[in-house]
Amino acid sequence: MLNPNFADQIKVDLTVMKMGNYLVECQYGSLDIVILFSYIATDPEKLIKDQDLIRRETDKYIVEAIKKSDLVIIAWGSD
C-alpha cells in the first residue's frame, strides 16, 4: 500500500483485490480504503521526492473513516 494506484469502486488493483478477498473470507461487512498520502504517483521514486505528502484535507477523511469503523487495519508497503 506504499504506492497508491488508480483503483476505484469498480476497477481494482491486485492489492485491493487481495484485501477484499481476505475480508470476505473473514466475513467482514465492508471495506474503506483511505490513503495516507494525498499525492498519487505510479512511480515510488516520485512519492519520495514530494516534500509535502500529508495534507490537512487528507487527515479529515482519515478521521471520518476511523470514526465510522469497528476495526481499523493499517497497511504499508515493503519500501
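**Whole chain**

Start with everything shown as a cartoon. The model is predicted. The protein chain has 3 helices and 0 strands. Follow the sequence and the pattern reads α-α-α. Of the 79 residues in the protein chain, 11% are buried. Look also at how the chain meets itself. Take the contacts between residues at least 6 apart in sequence: 53% of them join residues at least 24 apart.

**Helix α1**

Select residues 14–25, which make up helix α1. Does its length fit the residue count, or depart from it? The 12 residues of α1 should span 16 Å at 1.5 Å a residue, and the end C-alpha atoms lie 17 Å apart, which agrees.

Is Leu23 buried or exposed? Leu23 is buried, because its relative accessible area of 10% falls under the 20% cut-off. Show what touches it. Setting aside neighbours within four places in sequence, Leu23 is in contact with Tyr28, Leu31 and Ile73.

Tyr22 is partly exposed, with a relative accessible area of 47%.

Step on to Gln27. Gln27 follows α1 and is found in the loop between α1 and α2. Check its backbone angles. Phi is positive, about 65 degrees, although Gln27 is not a glycine. Most residues other than glycine have a negative phi. Colour by accessibility and Gln27 comes out exposed, at a relative accessible area of 72%.

**The salt bridge**

How many salt bridges does the structure hold? It holds 1. Select Lys68 and Asp32, whose side chains meet in that salt bridge. The N to O distance is 3.3 Å. Where do the partners sit? Lys68 lies in the segment after α3 (56–67), and Asp32 lies in the loop between α1 and α2 (44–49), so the pair ties together parts that are 36 residues apart in sequence. Side chains of opposite charge can pair when their charged atoms come close. Compare the surroundings of the two partners. Lys68 is exposed, with a relative accessible area of 62%. Asp32 is partly exposed, at 45%.

**Between α2 and α3**

For the last stop, select Arg55. Arg55 has its place in the loop between α2 and α3. Arg55 is partly exposed, with a relative accessible area of 33%. Arg55 and Leu36 are 9.0 Å apart in space, and 19 residues apart in sequence.

Note on methods:
Residues are numbered from 1 along each chain as its sequence is written. This is a predicted model: local features need pLDDT of at least 70, side-chain atom pairs count only at pLDDT 80 or more; totals for chains, interfaces and linings use all residues. Side-chain values use heavy atoms; hydrogens and water are left out. Helices (H or I, at least four residues) and strands (E, at least two) are DSSP runs, numbered from the N terminus. Buried means under 20% relative accessible area, exposed over 50%, partly exposed in between (1.4 Å probe, protein chains only). A salt bridge is a side-chain nitrogen of Lys or Arg within 4 Å of a carboxyl oxygen of Asp or Glu. Contact means heavy atoms within 4.5 Å. The expected span of a helix is 1.5 Å times one less than its number of residues.
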